[in-house]
Amino acid sequence: MTDRKFRPIAIGLVALTWILSFIFAIPSFLVAKGYIRSKICDLSYPYGYEFNLIYFVLIFLLTYLLPVIIMSFCYIKICVKLFNQTVPVLVNNFQEKQQKATRLLKVLIGAASITVLFSWPYLLGLVIMAARNDTIISIRRNRSLDGFNLYLTISFAISILVSIFNPIYYFTVDKNVILDIKYRLGGRR
């Protein structure tokens, strides 16, 4: 598939991602409450326990589990296709192209694995918090939940760090990204 054929599909997928992200964020405005004195934005449950539990479970399923399943399926298909290729007689640099494709696949799988591995604990913590009908403030006040409070704090920090780490990972590991940036900044390939 050429770049021109792929471009409308890519733009459509990016637009769909933004639209779905906006739609998924709307209920967050309904369940969050700001506390000015303590400068905390906390969960509240104005629509009842069931609404929040359903909301957080759906968010976990639709923004974490479904993408993990789709990415796994796609990576498996790519791996099968790469490893089942035969060397054409007329292509001299087939092995080099296959090595580049394998390196790129390793970069993609590495980034996806890092995201999957380090982002699920916080999402799971939110589901547990909704199931318990707890807020961050109530967890911090309840000394018997100090371990859960620490879990939420650390898992949130790790989740944010993964979002920062992924672009750095791409820039440092994938030579194609570096070459493309240099090219777009006026250099040669």
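This is a predicted model: local features need pLDDT of at least 70, side-chain atom pairs count only at pLDDT 80 or more; totals for chains, interfaces and linings use all residues.
**Entry 1**

I looked up Tyr151 first.

Next I took Phe148. Phe148 has a relative accessible area of 14%, so I wrote it down as buried.

Where do Phe148 and Tyr151 sit? Both belong to helix α5, which covers residues 146-173. They are three residues apart there, so about one helical turn separates them.

**Entry 2: Aromatic pairs**

How many aromatic pairs does a search of the whole structure find? I got five. I checked the rings of Tyr55 and Phe56. Their centres are 5.0 Å apart and their planes meet at 65°, so I filed this pair as edge-to-face. The cut-off for that label is an angle over 60 degrees.

Then I went back to Phe148 and Tyr151, which also form an aromatic pair. Here I read 6.0 Å centre to centre and 15° between the planes. I filed that pair as stacked.

I kept a reminder for myself. Two aromatic rings are described by how far apart their centres are and by the angle of their planes.

Are Tyr55 and Phe56 buried or exposed? Tyr55 has 10% relative accessibility, so it counts as buried. Phe56 comes out at 8%, so Phe56 is buried too.

**Entry 3: Salt bridges**

I moved on to charged side chains. Side chains of opposite charge can pair when their charged atoms come close. A search of the whole structure gave me two salt bridges.

I started with Asp134. Where is Asp134 placed? I found Asp134 in the loop between α3 (94-132) and α4 (136-141). Its side chain meets the side chain of Arg132 in a salt bridge, at 2.7 Å from N to O. I also have these two side chains listed as joined by a polar contact of 2.7 Å.

Asp134 has 11% relative accessibility, so it counts as buried. Arg132 has 42%, so Arg132 counts as partly exposed.

Which residue forms a salt bridge with Asp146? I found Arg143. The closest N and O atoms of this pair are 3.6 Å apart. Asp146 is partly exposed, because its relative accessible area is 33%. Arg143 counts as exposed, because its relative accessibility is 62%. The line for exposed is drawn at over 50%.

**Entry 4: Cys79**

I looked for Cys79 and found it in helix α2, residues 49-83. Which residues does Cys79 touch, leaving out those up to four places away in sequence? I noted Leu105 and Ile109. Cys79 and Leu105 are 26 residues apart in sequence. In space I read 8.0 Å between them, C-alpha to C-alpha.

**Entry 5: A nonpolar patch**

My last stop was the surface. I found a nonpolar patch there, with about 840 Å² of accessible area together. Phe6, Ile9, Leu13, Leu16 and Ile19 are among its members. I also wrote down Leu20, Phe22, Ile23 and Ile26 as part of this patch. I placed one of the members, Ile19, in helix α1, which covers residues 3-31.

Key. Residues are numbered from 1 along each chain as its sequence is written. Side-chain values use heavy atoms; hydrogens and water are left out. Patches are made of residues with over 30% relative accessible area and no salt bridge: like charges are joined within 9 Å, nonpolar side chains (Val, Leu, Ile, Met, Phe, Trp, Tyr) within 5 Å. Accessible areas come from the Shrake-Rupley method with a 1.4 Å probe; for residues, only the protein chains shown count as cover. A salt bridge is a side-chain nitrogen of Lys or Arg within 4 Å of a carboxyl oxygen of Asp or Glu. Helices (H or I, at least four residues) and strands (E, at least two) are DSSP runs, numbered from the N terminus. Contact means heavy atoms within 4.5 Å. A polar contact is a pair of N or O atoms within 3.5 Å; within protein, one must be able to donate a hydrogen and the other to accept it, and residues adjacent in sequence count only if both atoms are side-chain atoms. Rings of Phe, Tyr and Trp (its six-membered ring) pair if their centres lie within 6.5 Å; planes under 30 degrees apart count as stacked, over 60 as edge-to-face and the rest as tilted. Buried means under 20% relative accessible area, exposed over 50%, partly exposed in between (1.4 Å probe, protein chains only).
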